[in-house]
Amino acid sequence: MELLKKLNNYRLRNKISQQNLAKKLKVAYSTVNRWLTRKTTPNDMQKYNIEETLNALTKKQSLNTKTITKEKEYPIRERIKNLKIKEQLAMYEIDINNTIPKNNTPLVIIGDVMDALRKIPSESISCIVTSPPYWNLRDYYIEGQIGRERTPEEYINKLTEISYELLRVLKKDGAYFLNIGDTYIDKGLQLIPQRLAYRMISDVQTIGKNKKKIGWLLRNQIIWHKPNHMPSPVKSRFTNTYEVIYFFSRNDWEKDLYFDIDSLRIPYKSSQENNPDFPKYLGEEEYKKIIPIIEDKNKSTKYNGKFKGNERNIGASPGGRQSITGINYIKKRKVELPREVICDYLRKWRKTRNISAEEIDKILGYKHTAGHWFRKDAGGSLPTPDDWKKLKKILNFDDKYDTQMTEMHYVLQTIDYHPKGKNPGDIWEIKTAKLPNRPHFSVFPEELPRKAILSCCPSDGIALDPFAGSGTTGKVAKELNRKSILIELQSDFVKLIQERCGEISKIFV
Ligand SMILES: C[S@@+](CC[C@H](N)C(=O)[O-])C[C@H]1O[C@@H](n2cnc3c(N)ncnc32)[C@H](O)[C@@H]1O
């Protein structure tokens with residue numbers, strides 16, 4: 001038998017992780033990992049005498065009577081599994097007509113993700129947040145697990161297929177947060193997350209009875225930066241310190257996505273408000289006095305990028321831009337009168353004096369200017385204080401609007417801050433989490449599903465995690481008073497989910 005096949009058989013027969021296999025073979029983990037992703041026996045396997053080591057290990061094993069070859073049995077699971085789905089649902093007091101939890105007790109569906117999703121009615125879920133097993137990283141030792149496909153392409157195909165079932169169960173204003181990691185083959189990054197996201201947004205599916213064509217719309221590629229990332233022994237590249245989270249919605253939304261960004265706003269880092277040196281409003285004389293101080297201050301503030309941490313009113317005007325680079329005042333009328341009011345007033349007086357806009361231009365020595373003062377459309381404008389005084393001499397109108405049209409002051413240009421804070425942006429800095437006594441179990445830090453649920457799951461909505469693992473999404477949803485459905489292939493994890501979520505309902509498919 002080909003050596004690579006032999007090695008694979010040995011590993012599967014004994015259900016050992018790649019790390020343990022590396023230890024047994026006395027070879028670096030990265031080398032074993034590289035071998036196992038190949039289709040044919042790599043040349044360097046001979047160099048490490050793998051054939052002899054495997055023979056020795058197998059021989060030792062045949063003498064060891066304790067070798068476990070039989071898969072664990074789950075009598076209760078088997079018993080419940082034999083019930084029809086309706087009977088299972090009834091047992092756990094779940095709505096028989098659809099698999100919808102009635103309250104905030106997480107509903108755990110134990111079984112393969114596709115089988116479980118098929119039990120969930122269309123357009124019933126508000127927010128999906130999940131992290132599937134990454135390709136070729138971990139072995140959960142269970143048939144049907146995602147992540148053990150032979151090639152990245154197969155893995156991407158599978159997750160794309162699952163995404164269509166997710167698309168079906170998602171409400172029209174719902175969202176899908178997909179956290180997925182990448183993998184190296186022969187020191188080369190495979191771009192698996194990006195390839196999957198690209199597939200998902202390129203394919204269109206015909207779903208439902210009405211044969212509707214829908215697909216995924218990618219709203220953000222969120223960078224989950226891990227400030228406590230593990231130190232890594234890599235010598236010829238930089239350590240990986242982030243993962244991506246794709247934020248999708250359906251591309252057929254009729255009403256826009258449910259998105260409560262207010263629940264996640266963060267404080268602004270800096271604000272020009274309440275700066276006693278530079279008051280919001282200044283009169284002509286006060287402004288003149290302060291000019292040298294402004295010039296001095298502006299010398300020390302260098303322009304540092306158009307956005308500089310501010311989200312609104314950026315780049316809208318030179319004043320707005322300057323306001324984030326330094327101190328800037330602009331001269332404005334003290335009172336902003338509606339343009340239509342002044343236009344009606346001036347039209348009335350022009351008619352009374354029987355004079356045309358062209359004649360006014362001529363008297364003032366202007367070309368195509370006065371006409372704008374008598375227009376209500378977008379091309380109209382208000383006369384400047386000086387022009388107002390000149391116009392008054394020509395039309396001889398009363399004093400009604402003189403003060404409002406001529407009184408000016410200087411206004412400090414500031415950024416239009418949102419009163420509830422800043423949009424947190426697409427780089428999420430969240431420390432990784434660990435479960436006590438389970439160091440290798442990759443769990444969500446609670447902050448991750450919390451951000452997804454708060455922003456995209458209304459209080460009466462349902463959050464879904466189709467690869468639930470230890471049930472972090474259910475725990476967070478319950479704490480936030482939301483309903484949740486968790487799908488998990490491993491029935492062993494139910495105890496852990498229960499420990500973390502408290503009371504749960506469960507069914508097997
Ligand atoms: C990365 S873990 C999820 C961890 C989870 N985010 C948490 O906070 O605990 C992925 C989970 O997907 C499960 N899984 C793998 N293949 C599956 C399948 N075909 N159907 C359902 N679940 C599956 C694994 O058993 C594992 O628990």
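Helices and strands here are DSSP runs (H or I of at least four residues for helices, E of at least two for strands), numbered from the N terminus. This is a predicted model, in which local features need pLDDT of at least 70 and side-chain atom pairs count only at pLDDT 80 or more, while totals for chains, interfaces and linings use all residues. Residues are numbered from 1 along each chain as its sequence is written.

Thr-472 leads us on to helix 19, where Thr-472, Thr-473, Gly-474, Lys-475, Val-476, Ala-477 and Lys-478 are buried. A residue is buried if 20 or more other C-beta atoms lie within 10 Å of its own, exposed if 12 or fewer, and partly exposed in between, with C-beta atoms placed from the backbone. Helix 19 is mostly covered, with seven of its eight residues buried. After helix 19 comes Asn-481, whose phi is positive, near 65°.

Helix 18 (residues 447-456) is another covered element: eight of its ten residues are buried, so helix 18 is largely enclosed by the rest of the structure. Its buried residues pack against helix 19 (472-479) and several strands, including strand 2 (125-130) and strand 15 (462-465).

What is the angle between the axes of helix 19 and helix 20 (residues 493-501)? The two axes cross at roughly 25° and come within 9 Å. Axes are lines fitted to C-alpha atoms, for helices over the stretch in contact, and angles run from 0 to 180 degrees between N-to-C directions. Helix 19 and helix 20 are therefore roughly parallel to each other; angles under 35 degrees count as roughly parallel, over 145 as roughly antiparallel, 65 to 115 as roughly perpendicular and the rest as oblique. Gly-474, Lys-475 and Lys-478 in helix 19 meet Ile-497, Arg-500 and Cys-501 in helix 20, contact being C-beta atoms, placed from the backbone, within 7 Å. That contact has two nonpolar, one polar and three charged residues.

Now for another helix pair. The axes of helix 2 (residues 18-25) and helix 3 (residues 29-36) come within 9 Å and cross at roughly 110°, so helix 2 and helix 3 are roughly perpendicular to each other. Gln-18, Gln-19, Leu-21, Ala-22 and Leu-25 of helix 2 make the contact with Tyr-29, Val-32, Asn-33 and Leu-36 of helix 3. Six nonpolar, three polar and no charged residues take part.

The loop between helix 2 and helix 3 holds Lys-26. Most residues other than glycine have a negative phi, yet phi of Lys-26 is positive, near 60°. Lys-26 is exposed, with 9 other C-beta atoms within 10 Å. Asn-354, in the loop between helix 13 (339-353) and helix 14 (357-364), has a positive phi near 50°. Asn-354 is exposed, with 7 other C-beta atoms within 10 Å.

Technical notes
Contact = placed C-beta atoms within 7 Å. Nonpolar A, V, L, I, M, F, W, Y, C, P; charged D, E, K, R; others polar.
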